[in-house]
Amino acid sequence: MDAMLKAAGTAGMVAEETLDPVDWADVQALSHRIVDDAVDYLRDVRERPVWQEMPAEVREFFAAPLPQSAQPLAQIYGEVVENVMAYPMGNIHPRFWSWYMGSSNFTGALGDFLAAIQGSNLGGGNHAAALMDSQVVDWCKQMMGFPPSASGTLVSGGSMANIIGLTVARNVKAGIDVREHGVAAIDKPLRFYGSDQLHSCHRKAMEALGLGNRALRRIPTDAGLRIDIDALRSAIADDRQAGFRPACVIGTAGTVNTGAIDDLQALARLAAQEDLWFHVDGCIGALIAIAPENSHRVAGIEHAHSIALDPHKWLHAPFEVGCVLIRDAAAHRSTFAVTPEYLESTPRGLASGQWLHDFGLQTSRGFRALKVWMALKQHGIEKFGRLIDQNIAQGHMLGTLIEAEPLLELVAPPNINIVCFRYRGDGLTGERQKALNTEIMLRLQEEGIAALSDTTVHGQHCLRVAINNHRTRRDDLDLLVRETVRLGQEILKSGAAR
Ligand SMILES: Cc1ncc(COP(=O)(O)O)c(C=O)c1O
């Protein structure tokens with residue numbers, strides 16, 4: 001109440017409220033403390049467990065009801081430190097290798113903070129953040145070898161980037177105005193193609209696009225888990241014969257299971273011969289294009305009609321930021337642009353800039369570009385390229401360590417930075433071997449040693465290490481092998497995996 005009276009200034013006047021603090025000096029002091037703590041938090045990440053289970057009282061903390069009244073910010077920060085900062089997912093830790101994450105970076109976090117402080121809405125308009133958003137898209141085009149005339153947009157992540165690319169593909173290849181008439185008016189059902197290793201987001205995309213999961217044909221893969229080009233060619237021919245309209249082929253540059261990279265040059269040629277849209281899901285591997293020792297692995301990506309890439313993976317931007325690039329800017333814009341009367345452009349002023357919401361599904365958009373822009377400026381693209389090479393070398397190094405350890409075996413040879421292996425448990429087969437390896441994975445997590453995930457490759461359950469982490473060092477990999485062996489032996493001895 002005191003604060004309200006102060007804000008009102010004159011006695012008798014109705015006090016207007018604001019979310020701004022009454023005392024900026026207090027907030028400044030607390031903010032300095034928060035930044036100091038944040039620096040310590042990141043500096044000491046290696047000393048903490050990768051992950052730890054939350055005790056019951058922490059779970060209960062999150063069941064507290066909707067707050068009705070005010071509480072001092074310093075106290076709230078204390079609660080965050082105790083209940084949130086102490087129990088992270090762990091993906092910034094040097095020994096986090098589950099699924100496929102980036103490991104973030106401090107400069108990016110500062111970028112996110114400043115973006116929130118400036119608070120600009122990247123739906124578009126004539127302001128600096130909008131120019132920076134377009135600049136980061138331009139930089140992504142340069143990294144991928146796309147022409148300056150191409151377009152693109154920053155989105156929440158790889159899944160959205162793929163959905164945007166596939167939506168443009170559907171609209172361009174439908175043969176009718178899908179925006180006006182809907183998918184039901186398409187004369188021949190569309191067919192999209194990708195390998196049987198495609199990420200699950202493509203299924204969601206097909207469902208959301210109204211084409212249905214069955215319109216996405218999963219083509220078998222070769223021994224290296226790359227799409228079988230001959231099988232793809234015959235599937236397209238069969239579909240044409242059966243009255244379908246082959247529309248789009250999705251090449252994967254780095255599959256989620258093993259990091260396999262489809263033959264993008266062959267796919268580009270086939271797509272051109274068959275008049276298909278060529279989309280590349282490069283969420284894992286597109287950025288290998290900037291890595292001097294490995295860029296040859298993604299040769300052909302520059303021929304795609306659209307590419308999904310993920311700066312929150314191998315550029316280590318804090319979540320969230322994905323990017324989609326579309327070679328034909330006009331097709332991109334005409335897939336999404338709508339100009340309602342309340343969002344018309346003006347010749348000058350705030351509404352004279354480009355409407356960035358014309359390139360995707362969101363209207364309001366966050367200022368994702370700043371965190372990417374600041375880190376790219378600070379380190380330069382060459383360093384990011386070297387870090388990608390470093391992770392790929394580490395993937396191969398881990399493969400070698402596993403091959404040298406008689407109790408472990410590779411389930412697939414490492415392609416890039418993903419290693420699939422298992423504890424042999426001689427004499428164990430099928431379900432018992434899976435139970436043993438699952439138990440090893442859970443104990444590695446619960447003891448805070450390392451975070452791995454698991455999958456099934458060539459029909460065999462395995463542990464999976466995805467080294468997409470600029471903090472991982474060689475000794476972390478040695479430790480992983482040692483601890484996996486120790487746990488495997490312990491579990492077998494105790495009979496816990498039966
Ligand atoms: C090959 C591939 N595509 C798409 C995605 C989805 O990306 P996101 O999690 O950023 O939505 C992933 C995620 O790991 C992926 O590995």
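A search of the whole structure, which is a predicted model, finds 2 cavities of 30 Å³ or more. The largest cavity has a volume of about 60 Å³, and its lining consists of Thr-153, Leu-154, Val-155, Met-160, Ile-164, Leu-356, His-357, Phe-359, Gly-360, Leu-361, Gln-362 and Arg-365. Two or more of these lining residues come from each of the elements β1 (151-155) and α7, with β1 giving the most, namely 3 residues. Divided by class, the lining of the largest cavity comprises 7 nonpolar, 4 polar and 1 charged residues.

The second largest cavity has a volume of about 40 Å³ and is lined by Asn-91, Phe-96, Trp-97, Met-101, Gly-102, Ser-103, Ala-466, Asn-468 and Asn-469. By class, 4 nonpolar and 5 polar residues make up this lining, in which no charged residues occur.

The ligand, for its part, sits in the second largest pocket, where 15 residues lie around the ligand and Gly-158, Ser-159, Asp-281, Asp-310 and His-312 come nearest. At least two residues of this shell are supplied by each of α7 (158-173) and α12 (311-314), and α7 gives the most, with 3 residues. The shell is made up of 5 nonpolar, 7 polar and 3 charged residues.

In the case of Lys-313, a side-chain N or O atom is 3.1 Å from an oxygen atom of the ligand. The ligand on its own has 390 Å² of accessible area, of which the protein covers 85%.

How values were computed. Residues are numbered from 1 along each chain as its sequence is written. This is a predicted model: local features need pLDDT of at least 70, side-chain atom pairs count only at pLDDT 80 or more; totals for chains, interfaces and linings use all residues. Side-chain values use heavy atoms; hydrogens and water are left out. A residue is near a molecule or strand if one of its heavy atoms lies within 4 Å of it. A polar contact is a pair of N or O atoms within 3.5 Å; within protein, one must be able to donate a hydrogen and the other to accept it, and residues adjacent in sequence count only if both atoms are side-chain atoms. Accessible areas come from the Shrake-Rupley method with a 1.4 Å probe; for residues, only the protein chains shown count as cover. On a 1 Å grid over the protein atoms alone, a cavity is a set of points where a 1.4 Å probe fits but cannot get out, and a pocket is an open set with protein on both sides within 12 Å along at least five of seven lines; lining residues have an atom within 4 Å of a point. A molecule sits in a cavity or pocket if more than half of its atoms lie within 2 Å of its grid points. Helices (H or I, at least four residues) and strands (E, at least two) are DSSP runs, numbered from the N terminus. Ala, Val, Leu, Ile, Met, Phe, Trp, Tyr, Cys and Pro count as nonpolar, Asp, Glu, Lys and Arg as charged, and the others, Gly among them, as polar. Grid points are joined across faces, edges and corners, and a volume is the space filled by probe spheres set on the points.
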